[in-house]
Amino acid sequence: SSYADEINWMKQWIRKRIAWIDSQFVAPPEVSRVASSDPLALRAPRGKIFYTLDGSDPRLPGGAVNPIARVYKDPIPAGEAARLFARAKNNSGWSAPFIGTTGVK
């Protein structure tokens, strides 16, 4: 092996290690809609999405599901502005939050 070969091996190892570390975390929900009057669609690569519309966290301290949290099934209708707080839950792991608003003020 040459010095260049060792450097290339190390770069490849670091790329694989970073990809593995990233795969250990639950990705936060992604939000999509075309116009502010359209329903709000949520998507997560894995796990269930839990959300609230009062700005409270759907995850309680310790990792339990907040009893006021809803499981995302259908797009959230636009209407009165509300504070959306959403997280994806996969097994016992929770994602980082998505915090935004629904509807029009």
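**Close-up views of a predicted model**

**View 1. Ser37 in the loop between S1 and S2.** At a relative accessibility of 55%, Ser37 counts as exposed. Its place is the loop between S1 and S2. The model shown here and in every other view is predicted. Ser37 and Glu80 are 43 residues apart along the chain. Their C-alpha atoms are separated by 10 Å.

**View 2. The largest nonpolar core.** Eleven is the residue count of this core: Val26, Leu40, Leu42, Ala44, Ile49, Tyr51, Tyr72, Ile76, Leu84, Ala86 and Ala88. Two strands, S3 (48-52) and S5 (82-90), each supply at least two of its residues. S5 gives the most, with three residues.

**View 3. Strand S3 and its partners.** S3 is mostly covered, with four of its five residues buried. S3 pairs with S5 in the antiparallel sense, over five bridges. Within this pairing, Thr52 has Phe85 of S5 as its bridge partner. S3 also pairs with strand S4 (residues 70-71). That pairing is antiparallel too and runs over two bridges. Here the bridge partner of Tyr51 is Arg70 in S4.

**View 4. The surroundings of Tyr51.** Tyr51 is one of the residues of the largest nonpolar core. Residues up to four places away in sequence are not counted in this view. Beyond them, Tyr51 touches Pro58, Ala69, Arg70, Val71, Tyr72, Ile76, Leu84, Phe85 and Ala86. Among these contacts, Tyr72, Ile76, Leu84 and Ala86 also belong to the core. Arg70 is both a contact and the bridge partner of Tyr51 in S4.

**View 5. The salt bridge between Arg43 and Glu30.** The structure holds two salt bridges. One of them joins Arg43 to Glu30, with the closest N and O atoms 2.6 Å apart. Arg43 lies in strand S2 (residues 41-43) and Glu30 in strand S1 (residues 30-32), so the pair ties together parts that are 13 residues apart in sequence. Arg43 is exposed, at a relative accessible area of 55%. Glu30 is partly exposed, at 41%.

**View 6. The salt bridge between Arg87 and Asp57.** The side chains of Arg87 and Asp57 meet at 2.8 Å, N to O. This pair links distant parts of the chain, 30 residues apart. Arg87 sits in strand S5. Asp57 sits in the loop between S3 and S4. Arg87 has a relative accessible area of 7%, so it counts as buried. Side chains of opposite charge can pair when their charged atoms come close.

**View 7. Asn66 in the loop between S3 and S4.** Asn66 lies in the loop between S3 and S4. With a relative accessible area of 11%, Asn66 is buried. Its neighbours within four places in sequence are left aside here. Asn66 is then in contact with Ser56, Asp57, Pro58, Arg59 and Leu60. One of these, Asp57, also forms the salt bridge with Arg87.

**View 8. A nonpolar surface patch.** Trp9, Met10, Trp13, Ile14 and Ile18 make a nonpolar surface patch of about 530 Å². Ile18 lies in helix H1 (residues 3-23). Its relative accessible area is 46%, so Ile18 is partly exposed.

Terms used:
Residues are numbered from 1 along each chain as its sequence is written. This is a predicted model: local features need pLDDT of at least 70, side-chain atom pairs count only at pLDDT 80 or more; totals for chains, interfaces and linings use all residues. Side-chain values use heavy atoms; hydrogens and water are left out. A nonpolar core is a set of buried Ala, Val, Leu, Ile, Met, Phe, Trp, Tyr and Cys residues joined through side-chain atoms within 4.5 Å. Buried means under 20% relative accessible area, exposed over 50%, partly exposed in between (1.4 Å probe, protein chains only). Contact means heavy atoms within 4.5 Å. Patches are made of residues with over 30% relative accessible area and no salt bridge: like charges are joined within 9 Å, nonpolar side chains (Val, Leu, Ile, Met, Phe, Trp, Tyr) within 5 Å. Accessible areas come from the Shrake-Rupley method with a 1.4 Å probe; for residues, only the protein chains shown count as cover. A salt bridge is a side-chain nitrogen of Lys or Arg within 4 Å of a carboxyl oxygen of Asp or Glu. Two strands pair if DSSP finds at least two bridges between them.
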